[in-house]
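Hi,

Here is the structure I promised to pass on. Have a look, and my notes follow below.

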Amino acid sequence: MRKDLVGTRLAETARRAGIACFAAVFLAACALVYAALTDDFSVAYVVNHSNRALPGPYKFAALWSGQEGSILFWCLLLSAYGFVLRLRHKVDQRLVAAASMVLAGIQIFFLVLVNFVANPFGMMRTIPPDGNGLNPLLQYPEMVIHPPMLYLGYVGVAVPFAFGLAALIMRYPGEKWIHITRRWTMVAWLFLTFGISLGGHWAYNVLGWGGYWGWDPVENASFLPWLSATAFLHSVMMQEKRGMMKVWNVWLIFTTFMLSILGTLLTRSGMVSSVHAFAQSSIGAWFAGDYGWFGEPWHSMPWAYPGFLEIIFAVCLWFYIKNRDHLRSENKLESLVSRESSFMFNNLLLLGVTFAILCGTLFPILSEAIRGYKITVGAPFFNKVTIPMGLFLLFLTGVGPLLAWRSTSVGSIRRNFTVPAILAAIVGIGLIASGWFSGWDLAKFYSWLAFVIGTLVAATIASEFFRGGRVLQSKLNTNIVFAMYHLMRRNMRRYGGYVVHLGIVVLFIGVAGLAFNKEQEQEMAPGTQLKIGHYTLVGQEYTQDDNANYTSEAALLDVYKDGKFLTRLNPERRLFHASGQPSTIPAKYSTLGEDLYVIYAGLNQDTGHPIVKALVNPLVSWVWIGVLIVTFGTGLALVPNAAPIAAQVPKAVAVAALEKQDMQPAGVSK
Amino acid sequence: MKQLVRLLLLPCMVLLFMGADNQEARFQNLGGKIMCTCSCEQMLLKCNHVGCPNSARMISELRTNVQNTSNDEAVLNWFRKKWGVTAVVEPSTHGFELMAWVLPVAGLGLGLLLVIVLIRNWKLRTAPVASADIHLNPELEALRARAHRETEI
């Protein structure tokens with residue numbers, strides 16, 4: 001009794017300590033932001049990442065633009081998640097207490113980093129009159145929200161990880177931890193999705209190479225936990241509904257968290273070279289250990305020691321071995337043609353893509369360790385390896401949800417797939433007949449497949465809504481639109497998931513446009529014409545500007561489409577005073593069909609005329625629309641279900657039906 | 001059903017064997033596999049520096065190689081030899097670099113094997129673990145079947 005009381009009081013003390021930790025870290029983050037906003041150049045971090053002329057929002061963004069600040073930001077977000085978790089402890093006090101303990105362990109690691117390795121409050125010996133400024137690539141409005149979104153995703157994964165590990169340590173009965181963490185995982189996944197797409201949008205608008213995804217190691221680092229979290233979100237349904245794949249799920253969430261830590265390591269350590277150009281530092285040793293044999297740029301110690309990643313892995317492995325009998329499956333697979341097996345193949349492919357990207361990202365390190373030189377693994381490798389798997393995944397997106405749990409009959413398959421398959425075939429043949437795909441190559445073939453499979457998936461989703469709506473329509477005696485709305489409100493998770501799948505289809509269609517990109521580079525003297533696709537660009541003038549933050553050069557170009565004036569574009573290049581670094585600001589004319597994307601490539605010193613590169617990128621807008629649909633669908637899936645509505649059967653009909661069956665209405669005794 | 005599958009597969013098979021084999025397509029394709037060595041970390045044909053010390057020369061070398069050599073791998077090897085292995089962003093298909101191509105396929109194959117073993121074990125299991133001590137209630141089973149019918153459309 002007394003032991004229980006002491007335990008309860010200790011748990012409450014720990015809970016309050018966690019809340020106090022949030023308050024302390026929040027205060028520290030506020031202090032750093034205040035120092036940046038007030039140009040306090042006695043703080044070394046402010047000197048390195050801000051300057052007087054920097055606009056206010058970017059001074060605020062300085063909090064996460066450097067190594068030390070970003071680690072503090074990690075701490076802040078982790079403690080904020082912990083704070084919310086501890087406020088909601090009544091959902092299950094014992095499990096939340098154990099999960100909080102795991103979170104506290106992670107928090108301690110990052111606090112050690114902030115205090116002893118990457119201190120953001122280091123002071124200057126002499127106070128300079130101005131700072132070095134923010135990296136020009138980060139001086140873009142989206143950069144104020146992209147890193148927080150991504151970090152919210154990375155850090156958010158820690159919560160389901162903590163619950164998963166805590167449930168394993170406690171041998172927690174049932175699937176409650178899955179129910180509790182479902183929303184946490186979805187929120188983390190949503191932030192990751194949004195963060196990654198904002199990064200892509202930023203790259204498209206700032207990096208000036210005309211694309212949104214370059215398979216850069218830092219981009220890959222954010223994509224890896226997204227892929228494994230997606231696999232986890234699907235496979236937990238098998239555990240919830242059928243009590244299967246418990247070992248798989250626990251290891252998936254462990255892997256997802258370890259990948260998010262690996263992402264932080266790759267971004268911050270300089271292990272791999274990246275256009276995002278983060279400096280090399282010794283912080284990698286804290287994450288990955290120091291063994292002196294695996295391409296470690298931080299290697300310094302004569303002895304080997306493990307890092308945070310190895311410790312996490314060892315802890316997970318230890319408790320898995322100790323309590324693995326607790327994770328025994330409760331059911332067996334009854335048929336290969338079932339929802340369960342579709343989830344298994346979905347997981348296999350998602351993890352296959354994860355593994356392929358991980359191999360490609362880490363292969364230069366492996367090559368350096370074994371062969372003594374770092375080879376480059378770029379976009380062609382990743383495209384070759386991942387596109388076929390991605391298309392097959394897209395196919396499963398359409399097929400999986402239509403298969404029933406346990407087993408699916410041939411009749412059901414025929415009923416569900418005939419119309420979508422016919423529609424997909426019509427689209428495929430129609431696209432060939434339209435001549436869009438003339439001059440076939442592999443890229444165009446993949447693009448064509450994306451359209452065909454996308455149609456199949458969109459049609460299966462639409463048929464799911466329609467058939468469900470029709471069942472409810474007859475029960476509720478209402479119209480199909482209202483019936484579909486109620487169908488969705490009754491199972492927000494399922495139908496929100498379908499909306500997410502639809503968003504993925506739209507995103508794939510957007511990516512399929514890459515096969516049709518065109519580009520042209522030309523010197524643009526006044527009156528010179530550059531023709532690309534339907535567009536004609538006519539050079540007007542070359543301008544220069546100078547302000548406190550940067551000097552800029554720009555070309556003014558009039559854009560005509562099929563001979564008709566459309567707009568004026570001014571692609572620009574800026575040179576920032578504080579850092580001396582250049583930045584490209586492309587000019588765009590976007591429509592749903594295509595983007596005209598113009599880059600100021602430089603000035604021909606001999607003639608004094610600007611050189612511009614113009615690109616026509618088809619369907620890019622659909623990528624952003626797809627992401628918005630995915631975000632909307634995830635939001636829907638997070639909304640609780642509405643209570644079922646009683647069917648509105650006319651009273652006379654109901655009474656007659658009951659009399660016919662010799663029954664009484666509910667609550668009336670014979 | 002079979003006819004429908006054939007109808008879907010036919011264009012795929014036809015298209016698989018149709019490859020554009022013109023010089024410009026090869027130039028663009030290879031240009032996307034070679035990195036500019038000026039440290040801009042961009043693909044050769046995407047490097048947008050004016051006054052870049054390397055890209056113009058490399059692009060002209062690529063054009064000459066595409067005209068003189070019909071083997072793409074030979075062109076890439078020429079660039080590896082002249083500009084170093086880091087100039088080509090696609091690992092070679094022989095020697096140590098072959099491992100980069102083999103690893104993802106091997107990983108996927110291993111995963112597939114794991115899934116097959118897992119499914120086989122499940123199929124071989126005689127009875128569900130949880131159902132052993134559950135006394136089936138016919139009324140409850142009927143309700144469950146109805147719920148299953150109405151929710152699994």
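First, a term: a residue is buried if 20 or more other C-beta atoms lie within 10 Å of its own, exposed if 12 or fewer, and partly exposed in between, with C-beta atoms placed from the backbone. Helices (H or I, at least four residues) and strands (E, at least two) are DSSP runs, numbered from the N terminus.

Bear in mind that this is a predicted model, where local features need pLDDT of at least 70 and side-chain atom pairs count only at pLDDT 80 or more, while totals for chains, interfaces and linings use all residues. Residues are numbered from 1 along each chain as its sequence is written, and chains are lettered from A and ligands numbered from 1 in the order in which they are written.

Now to helix α12 of chain A, residues 308-323. Its buried residues are F308(A), I312(A) and C316(A). They sit on the same side of α12(A) because they cover an arc of only 65 degrees around the axis (taken from the directions from the helix axis to the C-beta atoms). On the face turned away from that side you'll find the exposed residues A314(A), L317(A), W318(A), I321(A) and K322(A).

Next, the cores. A nonpolar core is a set of buried Ala, Val, Leu, Ile, Met, Phe, Trp, Tyr and Cys residues joined through C-beta atoms within 7 Å. The largest one has 202 residues, and C75(A), L78(A), A99(A), A158(A) and A162(A) have the most contacts inside it. Helix α8 of chain A (residues 176-207) gives the most to this core, with 17 residues. A second, separate core has 20 residues, including M524(A) and Y535(A).

There is also an open sheet of four strands in chain A, in the order β1-β10-β9-β8, with antiparallel pairing (two strands pair if DSSP finds at least two bridges between them). β1 (518-523) and β8 (587-590) of chain A are at the edges with a single partner strand each, so one side of each has no neighbour in the sheet. Strands β9 (594-604) and β10 (609-618) of chain A pair over 10 bridges, and G602(A) stands opposite I611(A) in β10(A).

Last, S590(A), which lies in β8 of chain A. Is S590(A) buried or partly exposed? S590(A) counts as partly exposed because it has 13 C-beta neighbours inside 10 Å. Leaving out residues up to four places away in sequence, S590(A) touches D595(A) and S621(A) (contact puts the C-beta atoms, placed from the backbone, within 7 Å).

Cheers

Technical notes: The expected span of a helix is 1.5 Å times one less than its number of residues. Two residues are in contact if their C-beta atoms, placed from the backbone, lie within 7 Å.
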